[in-house]
Amino acid sequence: MSPFSSEKRKNPFQYCQGIDKSLTALMRKIGAAADRNGLQAFLIGGLVRDIFLARDLDLWDIDIVIDSDSASFARALARQFDAKVVIYKAFYTASLFVTRGRRIDLSTFRAETYARPGALPQVRKGDFLQDVQRRDFTINALAIALNKKCFGALIDPGQGYADLKQKRIRVFHDKSFCDDPTRILRAVRFEQRLNFRIERHTLQLLKAALKKRKETRVKAPRYFAEFKKILMEEDPLKPLRRLSHLGGLTFIHDPLQLDIRFIRKVYNHRALTGRWKGLVQPEQRWLFYFLAILKGMPERQVRAIVSRFQLSNEEKKAVLQSAGFSATVAYLNNIQLRPHQVYARLEQLTPVTVLFVRMATRRAVVIRHLERYLDQYRHVKLKVDGNDLKQMGIAAGPKIGVILKELLYEKIDHGLKRRSEEMKAVRKIMEGGKGL
Ligand code: CTP
């Protein structure tokens, strides 16, 4: 069935049965609970969009709007589903954590006003239309009725269905991007993800908002959070290229020249798909693209960029270490290096940095050192420990750590296999007074 057949439009959940029966069943339950509580409930947002596009559904994130107090309805549902509930009173929203990791966000119909361009919106209770119109794009504002009497009916005041059909990204009103400039990034992300086109007037508004972006008050971390979603897309290259053409990357640094070839190299690199892929969590993958964007910038600049965004300590470390990429490559570009010297240098780096250096260098000697580190050196573990050393008469204290490190280097260089060989090496280290 075509995703836009009239049948589907009449009853999206009917069609949805084939995709996920449990979603339909869950929606019916919520509809019935809404009837019992005498309120109206609608499924809205990205999930509805994706139902009509027959895309993989993100069932972790279900957005429902109601015409009444979301907190009391959330509590009623929590009792019914035996779920955990978190209420955000000031925002008129509540989150319900149901089985299988699903999260249902419930919100009372809301209206928003922006005191200044880019400021966080001031939220108040509103009606259905206001709730729909406050949203970013028409395709994200389709709603499906859940109450029994009209279960499955599509409510589409913004003509979002027609936009889905025409593959168009369109804003509701001319101030949309000024109110919330993070929508610039969202427009590009949805356009490229869905193979849509930002509609002409919307594109004009977007470009005008880009010119004024500096005058708005969007906090850098908020903007970056939306940018990170681009880097986390299945194919971040397309939106990055589009954003770069539009001049939408200057919030990172102005001017910023994207090295798309290098980013593509990172995207396709076997370090992310091959034998080392377990070294980095899938949710950290975006970081490689960010490092690729920053590659070649002076360390001072990178430091300034990083301080503006809210990165975790580990992420910050990876970014700053990767900015020192040339120094790492210069050190490793030496055939004479002993294995333990390679280990000692690379062990201080985050796994993301090590893999990034591997992706970014073409020098055979450096690649050889890096691959040996990844495949061999980092797996070397000692059979003896501090207790063994104490039993050999070494007093507890920092000395033990120094000897163990010395021993590990010895093992990395000479591949000591047996415990007895390690003990012998410890005696040798002590006799030589090395590290003591
Ligand atoms: N929304 C908005 N303006 C924003 C962010 C979100 O209007 N700056 C609205 C949109 O209606 C959107 C909904 O809030 O559909 C939920 O936002 P989010 O979960 O970020 O987006 P999804 O549309 O669910 O997209 P994705 O598929 O990427 O999760």
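Between which domains does the ligand lie, and why? The ligand lies between domain 1 (3–166) and domain 2 (169–253), because both give residues to the shell around the ligand. This tour of a predicted model begins at that site and then moves to other parts of the chain.

**Stop 1: the domains**

Colour the protein by its domain assignment, which gives domain 1 (3–166), domain 2 (169–253), domain 3 (259–379) and domain 4 (386–432). Then find the centres of domain 1 and domain 4, taken over C-alpha atoms: 63 Å separate them.

**Stop 2: the shell around the ligand**

Select the ligand and display the residues around it. There are 15 of them, and the closest are R49, D136, D180, R189 and R193. Sorted by class, the shell holds 10 charged residues, four polar residues and one nonpolar residue.

Which helices each supply at least two residues of this shell? They are α4 (46–52) and α9 (182–194). Helix α9 provides the largest share, six residues.

**Stop 3: polar atoms at the ligand**

Next, select R49, N140 and R193 together with the ligand. A polar side-chain atom of R49 is 2.8 Å from an oxygen atom of the ligand. For R193, a polar side-chain atom lies 2.9 Å from a ligand oxygen atom. At N140 the atom to look for belongs to the backbone: a polar backbone atom there is 3.3 Å from an oxygen atom of the ligand. Taken on its own, the ligand has 580 Å² of accessible area, and the protein covers 77% of that area.

**Stop 4: Q192 in helix α9**

Remain in helix α9 and select Q192, which lies in this helix. Is Q192 buried or exposed? Its relative accessibility is 13%, so Q192 counts as buried, the limit for that word being under 20%.

**Stop 5: D156 and its loop**

Move to D156, in the loop between β9 (154–155) and α7 (160–166). With a relative accessible area of 15%, D156 is buried. Display its side chain and the backbone of the residues that follow. A polar atom of the D156 side chain lies 3.2 Å from the backbone nitrogen of Q159. The backbone nitrogen of Y161 is 3.0 Å from a polar atom of the D156 side chain.

**Stop 6: aromatic rings**

Finally, display the aromatic side chains. How many aromatic pairs does a search of the whole structure find? The search finds 18.

Select F42 and F109 to see a tilted pair, with 6.2 Å from centre to centre and 35° between the planes. F42 lies in strand β1 (residues 41–44) and F109 in the loop between β5 (103–108) and β6 (110–113), so the pair ties together parts that are 67 residues apart in sequence. F42 and F109 are both buried.

Then select F262 and F356, an edge-to-face pair with 5.9 Å between centres and 80° between the planes. This pair links distant parts of the chain, with F262 in helix α13 (residues 260–268) and F356 in helix α20 (residues 351–360), 94 residues apart. Both F262 and F356 are buried.

End the tour by selecting Y223, F224, F227, F251, W286, F290 and F309, which form one aromatic cluster.

Terms used
Residues numbered from 1 in each chain as written. Predicted model: local features only at pLDDT ≥ 70, side-chain atom pairs only at ≥ 80, totals over all residues. Heavy atoms only, no water. Near = heavy atom within 4 Å. Polar contact = N/O pair within 3.5 Å; in protein donor to acceptor, adjacent residues only side chain to side chain. Areas by Shrake-Rupley, 256 points an atom, 1.4 Å probe, with all protein chains shown as cover. Helix = DSSP H or I, 4+ residues; strand = E, 2+ residues; numbered from the N terminus. Nonpolar A, V, L, I, M, F, W, Y, C, P; charged D, E, K, R; others polar. Domains from an automatic or database assignment. Phe/Tyr/Trp six-rings, centres within 6.5 Å; stacked < 30°, edge-to-face > 60°. Buried < 20%, exposed > 50% of the residue type's maximum accessible area, 1.4 Å probe, protein only.
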